[in-house]
Amino acid sequence: MRLPTYADALLRIWHTDDPPGLRLSGQIDLTNQTALMGHLLALNGAPADVTVDLREVTFLNFAALHALVSYAELLGPGRRLVLHTRTPVVGQMLLACGWDRPELPLTLLEEASDE
C-alpha cells in the first residue's frame with residue numbers, strides 16, 4: 001500500500017488515480033481542513049470528475065464539509081465532486097446546511113457498511 005501524501009495526528013490523505021481524487025482516513029476538523037483543501041486544489045488539473053472517498057472517515061465537522069462544497073463549486077462545467085461515504089450523516093449535514101441544491105456539482109454515494 002502506498003504511503004499517504006499527508007498525515008497528521010488525526011487524518012491521512014492518499015491521492016488516487018482511478019478514479020482521480022483522494023482517499024481519506026481518520027478525522028477532519030479545523031486542524032487539518034486547510035490541508036484537505038490544498039490537496040483538493042492540487043486535483044484541479046484532473047480532466048474528469050473528482051472522487052473523495054470518505055468511507056474511512058470517523059469524524060467530519062461542518063467546516064470541513066463546507067470546504068468540500070466550496071471545492072465542488074470551483075469545478076469547471078461538466079465536472080462533479082463525487083463523495084463516497086458509509087453513513088447517511090454526510091447527507092444529513094448537507095441537507096441541514098442547504099447544500100443539497102440540484103445545481104451544486106456534487107454527488108453523494110452512500111454505501112452500506114460491511115460491518
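Me: How do you know that β1 and β2 pair, and in which sense?

Reply: This is a predicted model. In it, two bridges join β1 and β2, and the sense is antiparallel. Two strands pair if there are at least two bridges between them. With two bridges, β1 and β2 therefore count as a pair.

Me: Which residue of β2 stands opposite Y6?

Reply: That is I13.

Me: Why is L75 called buried?

Reply: Its relative accessibility is 9%. Buried means under 20%. The value of 9% falls under that cut-off, so L75 counts as buried.

Me: Where does L75 lie, and with which residues is it in contact?

Reply: L75 lies in the loop between α2 and β5 (81–85). Leaving aside neighbours within four places in sequence, L75 is in contact with V50, R80, L81 and P105. Contact means heavy atoms within 4.5 Å.

Me: How far apart are L75 and P20?

Reply: In sequence, 55 residues separate them. In space, they are 14 Å apart, C-alpha to C-alpha.

Me: Which residues of α1 are buried?

Reply: In helix α1 (residues 33–41), these are Q33, L36, M37, H39 and L40.

Me: How do you know that the buried residues of α1 line one face of the helix?

Reply: Look down the axis of α1. The buried residues fall within an arc of 160°, so they line one face.

Me: What do these buried residues of α1 pack against?

Reply: They pack against β1 (6–7), β2 (11–17), β3 (20–28), β4 and α2 (62–74).

Me: How much space lies in the largest pocket, and which residues line it?

Reply: About 180 Å³ of space lies there. The lining includes L54, F59, R86 and M93. β4 gives the most, with six residues.

Me: What makes R86 a lining residue of the largest pocket?

Reply: A lining residue has an atom within 4 Å of a pocket point. R86 is listed in the lining, so R86 meets that cut-off.

Me: How many residues of each class does the lining have?

Reply: Seven are nonpolar, three polar and two charged.

Notes:
Residues numbered from 1 in each chain as written. Predicted model: local features only at pLDDT ≥ 70, side-chain atom pairs only at ≥ 80, totals over all residues. Heavy atoms only, no water. 1 Å grid on protein atoms, 1.4 Å probe; cavity = no way out; pocket = protein on both sides within 12 Å on 5 of 7 lines; lining within 4 Å. Points joined across faces, edges and corners; volume = space filled by probe spheres on them. Helix = DSSP H or I, 4+ residues; strand = E, 2+ residues; numbered from the N terminus. Nonpolar A, V, L, I, M, F, W, Y, C, P; charged D, E, K, R; others polar. Buried < 20%, exposed > 50% of the residue type's maximum accessible area, 1.4 Å probe, protein only. Arc of directions from axis to C-beta.
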